[in-house]
Amino acid sequence: MNILRASLAALLAVFLLTGCENPTSRPTPPNNKIIVLGYHGIGADAAGYNLSTDKFKNQVSYLTARGYQPIGIKELYGYLYNKEKIPAKSFLLTFDDALISDYNLVFPYLVEKGLKAIFFVPTDHIGRKGNLTKKQIREMNGHGCCDFGSHSRSHKNLYTLTAETLAEELGGSKEILEEITGEEVKAFAYPNGFFTGRSIAALRDNNYKLAFTVMPGRNDFSASPFEIRRITLSESVSDGNFKMMVDGDPDFYRPYYSEMYAKSTQNKLGGIASLCEEELRRYEGITDSFPNNSPSPR
Ligand SMILES: [Zn+2]
């Protein structure tokens, strides 16, 4: 519990930073250009993980103005597994937790703008107050703009579960969503962003093909389909930090991943530690600061 809270606090803390310096000379950002944005609720009463409608729309506009084109989960799957072509600069919208604003606000916006998104559903939450109903999921799914992925059944941290419960959280939620949508569910979003090698193995056993982290970054051909970088956005993320994350600015990523690497290694979150190590290697001048002992294999 405390490990989780401490790590999550660290995951989020950096989003609260403001006023980063922008020196004139710095290394060129890595050339990886698929941006995945991660949202929760959208609306005027933005609080916690939520985001105001204006800020959400401005973020989408920022990407389109810079030449990024929208793709859906099927295009991302085709790109990562079959090297199918997608626009050189692409973005994918994702929404976690099956909140009612997915239906009331996001769905009409996608239709209006011709955008696509994937919604990650903790299936035990379907029909609860403030969450999507089965009927709404079916309606959204029928429009072609909305795809659905699993966010487990109960939204528990995967690394805390027994093998049996883990199988039920992954396999059971997949079965429920496939029954509702009538389509194969290939994608998963890690509850609270935590994953280990065991989580990835269990996802493979349950026939998932893609899994989304909450580790910020951009994705390219070499991206592991089970460790997709995703820029998680809430009201507390400053416009400046949003731009730094989207633009691949080393001044954001260096300190973020250095800190996360230390924390995840300390807390034995091997999956996240390895990802941090890989991400830090993208940026020149960082590898020297690694400790000699590598994190345990995933
Ligand atoms: Zn969630």
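The legends below describe close-up views of a predicted model.

View 1. Three residues coordinate the zinc ion: Asp97 through OD, His151 through NE2 and His155 through NE2. Asp97 belongs to the loop between β3 (90–96) and α4 (101–113), and His151 to the loop between β5 (146–150) and α6 (163–181), so the pair ties together parts that are 54 residues apart in sequence. Asp97 is buried, with 17% relative accessibility. His151 is also buried, at a relative accessible area of 1%.

View 2. Although Asp97 is not a glycine, its phi is positive, at about 85 degrees. Ala98 lies in the loop between β3 and α4 as well. The phi of Ala98 is about 55 degrees, again positive in a residue that is not a glycine. Ala98 counts as buried, because its relative accessibility of 2% falls under 20%.

**View 3. Surroundings of His40.** His40 is placed in the loop between β1 (34–39) and α2 (53–65). With a relative accessible area of 11%, His40 is buried. Leaving aside residues up to four places away in sequence, His40 touches Tyr49, Asn50, Phe95, Asp96, Asp97, Leu99, Ser101, Asp102 and Thr232.

**View 4. An aromatic cluster.** Tyr39, Phe56, Phe95, Tyr109, Phe119 and Phe148 belong to one aromatic cluster.

View 5. The structure has a count of 18 aromatic pairs. In one of them, Tyr77 and Tyr81, the ring centres are 4.7 Å apart and the planes are at 25 degrees, so the pair is stacked. The limit for stacking is an angle under 30 degrees. Tyr77 and Tyr81 are four residues apart in helix α3 (residues 73–82), about one helical turn. An α-helix has 3.6 residues a turn, so residues three or four places apart point the same way. Tyr81 is partly exposed, at a relative accessible area of 32%. The ring of Tyr77 also has the charged end of Lys186 over it, 4.6 Å from the ring centre.

View 6. Phe252 and Tyr256 form a stacked aromatic pair, with 5.7 Å from centre to centre and 15 degrees between the planes. Both residues lie in helix α9 (residues 250–266), where four residues, or about one turn of the helix, separate them. Phe252 is buried, at 2% relative accessibility. Tyr256 is likewise buried, with a relative accessible area of 1%.

**View 7. A lysine over the ring of Tyr208.** Lys174 lies over the face of Tyr208. The distance from the ring centre is 5.7 Å.

**View 8. Helix α10 and its covering.** Helix α10 (residues 270–281) has 12 residues, which at 1.5 Å a residue should span 16 Å; the end C-alpha atoms are 17 Å apart, in agreement. Of the 12 residues, 10 are buried, so α10 is largely enclosed by the rest of the structure. The buried residues are Gly270, Gly271, Ile272, Ala273, Ser274, Leu275, Cys276, Glu277, Glu279 and Leu280. Cys276 has a relative accessibility of 0%. Helix α9 is included in what covers the buried residues of α10.

**View 9. Cys145 and Cys146.** A disulfide is a covalent bond between the sulfur atoms of two cysteines. Searching the whole structure gives zero disulfides. For Cys146, the nearest cysteine sulfur is that of Cys145, at 3.3 Å, and Cys146 is in no disulfide. The cut-off for a disulfide is a sulfur pair within 2.5 Å. Cys146 is buried, with 1% relative accessibility.

Definitions and conventions
Residues are numbered from 1 along each chain as its sequence is written. This is a predicted model: local features need pLDDT of at least 70, side-chain atom pairs count only at pLDDT 80 or more; totals for chains, interfaces and linings use all residues. Side-chain values use heavy atoms; hydrogens and water are left out. Rings of Phe, Tyr and Trp (its six-membered ring) pair if their centres lie within 6.5 Å; planes under 30 degrees apart count as stacked, over 60 as edge-to-face and the rest as tilted. Helices (H or I, at least four residues) and strands (E, at least two) are DSSP runs, numbered from the N terminus. Buried means under 20% relative accessible area, exposed over 50%, partly exposed in between (1.4 Å probe, protein chains only). A charge sits over a ring if NZ of Lys or CZ of Arg is within 6 Å of the ring centre and within 35 degrees of the ring normal. Donors are N, O and S atoms within 2.8 Å of the metal (3.2 Å for Na, K and Ca); water is not among the atoms, so sites may look incomplete. Contact means heavy atoms within 4.5 Å. The expected span of a helix is 1.5 Å times one less than its number of residues.
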